[in-house]
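Q: Can you walk me through this model? I'd like to start with the helices and then get to the charged pairs.

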Amino acid sequence: MMLTQAMKIPKSGASRLSTDTWIEAEALRRYRQADSVRKAIEAEIAAAVSRHMTDEKFVELLRQVRAEGVEAS
């Protein structure tokens, strides 16, 4: 499928991602037929986490990060 117009990168803080990353994320969105780039990225991360759940080192790091929590914005 050819685009007739270049993809527009958001002007929000998320645009700090490299242009290549945005292009790759858009390809993932289309491949997964996701409603948004964010949903495609979340699905890819969830799939990667699932693959690593048998790795004890990863599981321990995930436990540590979850215990640290997320700073409120």
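A: A helix here is a DSSP run of H or I with at least four residues, and helices are numbered from the N terminus. A25, for one, is found in helix 1. Bear in mind that this is a predicted model.

Q: How many helices and strands are there in the protein chain?

A: The protein chain has 3 helices and 0 strands. From the N terminus on, the order of elements is α-α-α.

Q: And what share of the residues is buried?

A: Of the 73 residues in the protein chain, 10% are buried. Buried means under 20% relative accessible area.

Q: OK, helix 1. Which residues does it cover, and how far does it reach?

A: Helix 1 takes in residues 19-32, which is 14 residues. From first C-alpha to last it reaches 20 Å, close to the 20 Å expected at 1.5 Å a residue.

Q: Which of its residues are buried?

A: W22, A25 and E26 are the buried ones in helix 1. Viewed down the helix axis, the buried residues fall within an arc of 100°, so they line one face of helix 1.

Q: What do they pack against?

A: The buried residues of helix 1 pack against helix 2, which is residues 37-52.

Q: And which residues are exposed on the other side?

A: D20 and Y31 are exposed on the other side of helix 1.

Q: What does A25 touch, leaving out residues up to four places away in sequence?

A: With those left out, A25 touches V37 and I41.

Q: How far is A25 from S36?

A: Their C-alpha atoms are separated by 9.5 Å, and the two residues are 11 apart along the chain.

Q: Now E26. Where does that one lie, and is it buried or exposed?

A: E26 lies in helix 1. With a relative accessible area of 11%, E26 is buried.

Q: What does the E26 side chain make polar contact with?

A: The E26 side chain makes a polar contact with the side chain of R29, at 2.8 Å.

Q: Which residue does E26 form a salt bridge with, where the closest N and O atoms are 2.8 Å apart?

A: That salt bridge is with R30. E26 and R30 are both in helix 1 and lie 4 residues apart, about one turn of the helix. R30 counts as partly exposed, at 32% relative accessibility.

Q: So which residues make up the network there?

A: E26, R29 and R30 are linked in a network of salt bridges.

Q: Why would side chains like that pair in general?

A: Side chains of opposite charge can pair when their charged atoms come close.

Q: How many salt bridges does the count come to?

A: The count comes to 6 salt bridges.

Q: Where does E44 come in, what does its side chain meet?

A: The E44 side chain meets that of R32 in a salt bridge, 2.5 Å from N to O. The pair links distant parts of the chain, with E44 in helix 2 and R32 in helix 1, 12 residues apart.

Q: How accessible are E44 and R32?

A: E44 is partly exposed, with a relative accessible area of 26%. R32 counts as partly exposed at 36% relative accessibility.

Q: One more pair, R38 and E42. How do their side chains meet?

A: They meet in a salt bridge with an N to O distance of 3.0 Å. R38 and E42 are 4 residues apart in helix 2, so about one helical turn separates them.

Terms used
Residues numbered from 1 in each chain as written. Predicted model: local features only at pLDDT ≥ 70, side-chain atom pairs only at ≥ 80, totals over all residues. Heavy atoms only, no water. Helix = DSSP H or I, 4+ residues; strand = E, 2+ residues; numbered from the N terminus. Expected span 1.5 Å × (residues − 1). Buried < 20%, exposed > 50% of the residue type's maximum accessible area, 1.4 Å probe, protein only. Arc of directions from axis to C-beta. Contact = heavy atoms within 4.5 Å. Polar contact = N/O pair within 3.5 Å; in protein donor to acceptor, adjacent residues only side chain to side chain. Salt bridge = Lys/Arg side-chain N within 4 Å of Asp/Glu carboxyl O.
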